[in-house]
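Hi,

Here is the structure I promised to pass on. Have a look at it first, and then read my notes below.

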Amino acid sequence: MVIAVALAALSVALVPPAPRAAPTGGVLRRTITLADIGFADGTQMPGMWGTRDYFFPVPNPSSIRSLQLILPYSSAAAVSSRRTLLISVAGEPVYTRALGMAFQAGRIQIPIPSAAVENGFVHVHLDYNGAITDNRCIDQRISGAFLSLDATGGLAESIAASSLRTVSALLAAMPRQADIVIPRSPNEAQAAAALTVAAGDPAARIVRTPASVVGSDWRRAEIRIGEPRDPALSIRSNGFPELVIGGADPAAAARLLDARWSAILGAKKVASVEQQVSGRPADALYFSELSGDTSILRVVDRGEWNVALPATAIPTGRRASGLSLDVAVAEDGAAIPPVVSVTMNGLLLGSTEVAHDTRVHLDEELPSGIFVARNTVTVAVTRQVAQGNCLFSPQGYDAQLLPSSHFTLDRAGAVTDFDLLAPQFAGGVSVVVPGAPQLAETSALLQGLIDGETPLSVRYGGAPPNGDYVWVSDTEPPGSNPPIRFDRGTVRLTNRRGVTLLDADAVTSQTLAQLLATGNRLVLWIRPGTDFDTSPKVTGDLTPALDRGDVAFVERGRTTLAFSTVRDRLIDIQYPERFNLVTFFVRYRLWLIALGWLIVTIAFLQLLRGIYRARRKSDST
Amino acid sequence: MSELTASDSWTGDHLVEYGLITLAQLDEATRLAEAWGESLSDVLLARSWIRPSTYYRSLAERFGTEYVSLRREAPDPALLDRAQAEEYIRRLTIPWRMRDGHVVVATANPGPETILYARSQWGRHAGLVVTSKFDIQWALQDVFSAEYSKRAVLELAERDPILSAQTVFTPGQALIAWALVTLTALGLAIAPIATLIAINAVMSVFYVGNFIFKGVLIWAGGAQQYRRSREIEAAARMLRDEDLPVFTVLVPMFREPDVLPILANALRNLDYPTSRLDIKIVLEAGDTETIDAAMNLGLEAIFEIIRVPPSQPQTKPKACNYALRFARGEYLVIFDAEDKPEPDQLRKVVAAFRRAPDNVACIQCRLNYYNRDENWLTRLFTLDYSLWFDLMLPGLERLGIPIPLGGTSNHFKMNVLRELHAWDPFNVTEDADLGIRMTQKGYGVMLIDSTTFEEANVSQPNWVRQRSRWIKGYMQTFLVHMRRPIHLSRTIGALGMLGFVFFIGGTVLFGLLNPVFWIMFEFFTVTHTAGLDYLFPSVLLYISLFNLLAGNGLFIFVMMLAPFRRNWLELVPFSLTVIWYWALMSIAAWKAAWQLLAKPFYWEKTTHGLSKQTASEVAAATQGRPGFVV
């Protein structure tokens, strides 16, 4: 295994770096997609009505040569309807079109003047309206109509490469997805920097050589881990501009990078106004800090807000124990009050009716076991729409998830699952790897457990003297007692009925992660599989590999089997080559039962013989 | 009140004439003999106013015949008729030898009545020699020992084999056990989890039943029996000495010469006419140490030594069966050598028998310990016995459930005892077995409030040996009486059957099972393993928790209640340490189970005399006593 890793590293090192062509005309084409600004699934507007506001960041307008709004869309209606789409940019209508009944798909391409950039953002407003009839006895929403915008759409910028002279300008302009280029033999500080940058970007790749690029489409940024003599953050042009992170402590520079990205992008990610909350106590995590959508919705029958809570957002030593929600729902004069409900990760936590003239407040405890690495809270307002009275068409009323809504935090308990490592690591973690080739896959596995602000250090071999650490090695961490061991011969996993879930080959070929404790330190032991340093990373896959459970098998970046040795009773870990009394009994159960029965039967026969012999003796006397 | 016989009158005058007794002694002895309806010689010898050898030599001289020692000149066995043995004992007259073609009779009671008897039995020319009562008893034992020994071992086994523990397991029982094992093996092979859960469920429900049963028992036994106690006490006080019957006292001993003085002293202190006591010190013939010690102790003539010939099984019930052949009393009681019965116990028993229904054939007195404060074990043993005798046995009596008799202080009607073929020599808790057998035959057992104090075991290994014998005996008793479960149920009733199963069977089963559950509980507590979860589905888990907490808590609580009746409140806190006591019981239970298979009739001898208090009791008892007089 070690030899294979060494050969792979050597082979990579021998490949010369691919030359990168200069962008055509010195202009870089960069598209800020809807996914980049928080609409990972694009935009869906069902029915006959909907509005959306997008804020595309353009922090350095002077470097922009041209802007174009490109929105791939699709639309259809089940019944004849009159629908329209109106697009306004910076408050000015720039595009309108009618949407017919039949299915249609296409691309809306709208050139945007530079003057539309205001305060570093381009504000795009979509207005989708329609009606199927003037008859107010019919609910317009049953039209079966929809308008969808693809997540790959967005604001295409043409940037003069020569204008990207400063780090801030480059940061503002460069794509969020990055290739992190590490030196041939990175030292520990350089490796830590690479991991830190990768932690802040789920779609990042750690590579030895950047991918070759042809043309002007700037799809992936290049962040190079430089030498200690390089400045902390600097720009280098190798065809396309690349950001170089250097200095004596490149990891610190990488954390600064993440903070600056957040500062640039976080405020207007999803068209909401960030509320600065001062004096935040340590036992609360506000939705606004999580870039949660707290915008005003016009609710006809149902409106909902989704807030993501990654485990890495939890401060060190804390855990999310409850939810405190404040929702303002406009009075609609209806007899039946609206209902506010909250779900988390698909589980309904609670609900309440909206009383007249009061703001809704919900306090809910988070049940144990609900928390995972990436959590989604959905707050919904449901109204009984007045319809069928033929007087009024369905009317929407405003509702807003207030920024004072927050997660309540409590002291963290025992760390029994991978996802609970994130708050633990937030205070700092060491990553022990055999060498640079393991960095890429290690980074992928740590997704969801660390982020770009996690104080992180890297060691090549040898556990750190204190603190929690990640141990990437074929051998177990010193002083640990892992549930799955490799010093007892072959290992296989079976269910309670003895059916093999993972045979010995699968166990050794797949990457295995185990959560261990040595004394009062937590250790995440990652035992590399056969394809640990050669498997291609799935780009943009936001699903963390290590989530619930304390043992996980991973293959090609995806979890094949994960379970908890504390809670789960269905999986047995067996060492066929090692004698274990329980296993022996289970395996040879039938033989042992038969042997016991045979012994008892022989004893019974001897007893009968003795009884009859005694009887004969007493009869004869 | 009866007048002295002519022989006794003449004998008395003769002894005074020769200065062997004083006139005052004669007057007193005459008064007592007439009051008790006893012979003059019995009274004189009982009071030790004359040495037996002196007495009998003078008799021989008076009658102009010779005095012989039957121990030196043994009688001709051919002349003795086994069927007449009781008559020989009653008349203290046996055919001795042939002389000149005529039978010469040896008697300890020379006189006209004896002469007439001898002539009627052996012809008008029958001769007469004088010997001592002791020699006659000794000679009869020698001649008939083999026959009596055989009867002592085999009488119950031959007359009522179905109720004899000589057969440990019947073929039917062995077959049922094998069938259960086979069924379990099949279950483990096909559905192991379900089978283990089923076994666990059965045991847990049995535990619950036991807790409930014993709780009801203690509640029933807690009802005060003041009224009966007062009535019996009053009736006992009103009994006149002449109304009292002969009471046989059996004292079986084996290799414990040191503690005999305690009982001898206690018997002397009994409020009962000594001449009405028929005391048998029952010793194994090979136990020369104890025999010699008994003979050197200076015991009165009322103490008769019965030497049991060696035979298997060498058990206390066999020895008692043998001694029963020589018993003369209307009632019989067994005491252990270190026992100290309350002085009025025999009177209370007689009064109780006379007031009880005719089918009451046994009176069980209470047992407790005089060295209860010696150490932790004696305190727990005292709590155990107090719970048993003061609460549980009264509960059994009140609910009409067969009572397993205690080891000593069981008082029997002699005729019923003989009818039931006495004790089972093959059962090492012959008393418990006899109690159940008695009930099956339609007889009843009554409890009275009179206590016999004995020595509690001070040594844990010794205690385990003793308790293992008791538990093995309970196993034997259970096996014997469950040979015909339907018959048992019909004879003792459904409640009696339930009581028998829980009391006898439960004591055995829980001793064996407790360690299994304790080990599981400790294993879970230490390792927090989930490996045992599948054995305890939720309902069973709650039952088991109830057994663990409420059940054991109940037993600890009733242990606390046990000493209240005797106002021994200083023992109450020790009930909290009963857990180790139960552990010792489990050790004893497993030892018993092994012995049941390996050596079922082996009598695990308990060593007595280890207590410091016993030593002081012995010292007090032996002060000023002369050697044994013949």
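First, a term: a nonpolar core is a set of buried Ala, Val, Leu, Ile, Met, Phe, Trp, Tyr and Cys residues joined through C-beta atoms within 7 Å, and buried means that 20 or more other C-beta atoms, placed from the backbone, lie within 10 Å of a residue's own. This is a predicted model, where local features need pLDDT of at least 70 and side-chain atom pairs count only at 80 or more, while totals for chains, interfaces and linings use all residues. Residues are numbered from 1 along each chain as its sequence is written, and chains are lettered from A and ligands numbered from 1 in the order in which they are written.

Now the cores. The largest one has 120 residues, and B:Val251, B:Ile281, B:Val282 and B:Ala323 touch the most other members. Its largest share, 10 residues, comes from helix H15 (376-399) of chain B; helices (H or I, at least four residues) and strands (E, at least two) are DSSP runs, numbered from the N terminus. A second, separate core of 110 residues includes A:Phe371 and A:Val523.

Next, the sheet. Chain B has an open sheet of 8 strands in the order S6-S5-S4-S7-S10-S9-S11-S8, with mixed pairing (two strands pair if DSSP finds at least two bridges between them). Its edge strands are S6 (303-308) and S8 (340-341). S9 and S11 of chain B run parallel, joined by 8 bridges, and B:Arg366 stands opposite B:Thr451. S8(B) pairs with S11(B) in the antiparallel sense over 2 bridges, with B:Lys340 opposite B:Phe453.

Why is S11(B) largely enclosed by the rest of the structure? Because 9 of its 11 residues are buried.

Cheers

Terms used:
Buried ≥ 20, exposed ≤ 12 C-beta atoms within 10 Å, placed from the backbone.
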